[in-house]
Amino acid sequence: MPQALAKLDDLKAALELSGTDLDALLTQLLEAATATAARRVGLTSLVREADIIEYPRARQYRVSIVSLARYPVESISTLKLAGYTADTDGFAALDSLEVDRDFTFGRDYGGIELLYGETFSPAARANLVVYTAGYVDPSDPAPPAGAIQPPADLQRALILEATRLYNTRRDAGLDKVDAGKGGSHRPDDSGCHQALAQVCQGLRRVSL
């Protein structure tokens, strides 16, 4: 599954490269830049993932709003409130709440708000959410319906960061640049391109 949120063709155009000999390397660079962006935003990933299972906990009792671990949120397929620590069978017996009738959610920053006085429990595994979050691969010719495209400024910033990584690799004589999962060289987030740092700052969720 692609883990980059900018197009390979755009990076090749920026580097004035043609042919396919370096495509694997350039894809690595885009994935490394995308991983850096996720870390700077404070998320495990910015890439679209479907059917994420999460058990968000309220910070205290009588709270009607929780935040999901991943965003932007494309859709929520299941929201169940057990009110107590529940197992799989316990949740299976519950009906899911309906979006816009029982709850609303913020797409950009992953907040869920219950309506009509309902509240989330602070107990572990008391609230179940199944959802799809993250940005779709912009090079996908047929993205899923409702999929969220990465913002244009993020795509541009990723190209600039991947270009920086390409020049770093060339100057240092590295064979590859790792996307943050271990290997020969992990990008230094502190030295990422200024444009990417600025875009990521705008994507960070503000803690209230």
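Modeller: A quick term before we start: buried means under 20% relative accessible area, exposed means over 50%, and partly exposed is in between. Glu-98 has 43% relative accessibility, so Glu-98 counts as partly exposed. Keep in mind that this is a predicted model.

Biologist: Which salt bridge does Glu-98 make?

Modeller: The Glu-98 side chain pairs with that of Arg-101, at 3.5 Å from N to O.

Biologist: And is Arg-101 buried or exposed, or in between?

Modeller: Partly exposed, at 44%. Arg-101 also forms a salt bridge with Asp-102, with the closest N and O atoms 2.7 Å apart. Asp-102 is buried, at 16%. Shared partners join Glu-98, Arg-101 and Asp-102 into one network.

Biologist: How many salt bridges does the count come to?

Modeller: The count is 7. One of them links Arg-48 and Glu-74, with 2.8 Å between the closest N and O atoms.

Biologist: Why does that pair tie together separate parts?

Modeller: Arg-48 sits in the loop between helix 2 (23-41) and strand 1 (49-54), and Glu-74 is in strand 3, so the pair ties together parts 26 residues apart in sequence.

Biologist: Where does Glu-74 stand on burial, buried or exposed?

Modeller: Buried, at 15% relative accessibility. Arg-48 is partly exposed, at 21%.

Biologist: What else does Glu-74 touch?

Modeller: Leaving out residues up to four places away in sequence, its contacts include Phe-105, Thr-132 and Ile-148.

Biologist: New topic. How many helices and strands are there?

Modeller: The protein has 5 helices and 6 strands. From the N terminus, the order is α-α-β-β-β-α-β-β-β-α-α.

Biologist: What share of the residues is buried?

Modeller: Buried residues are 42% of the 208.

Methods: Residues are numbered from 1 along each chain as its sequence is written. This is a predicted model: local features need pLDDT of at least 70, side-chain atom pairs count only at pLDDT 80 or more; totals for chains, interfaces and linings use all residues. Side-chain values use heavy atoms; hydrogens and water are left out. Contact means heavy atoms within 4.5 Å. Helices (H or I, at least four residues) and strands (E, at least two) are DSSP runs, numbered from the N terminus. Buried means under 20% relative accessible area, exposed over 50%, partly exposed in between (1.4 Å probe, protein chains only). A salt bridge is a side-chain nitrogen of Lys or Arg within 4 Å of a carboxyl oxygen of Asp or Glu.
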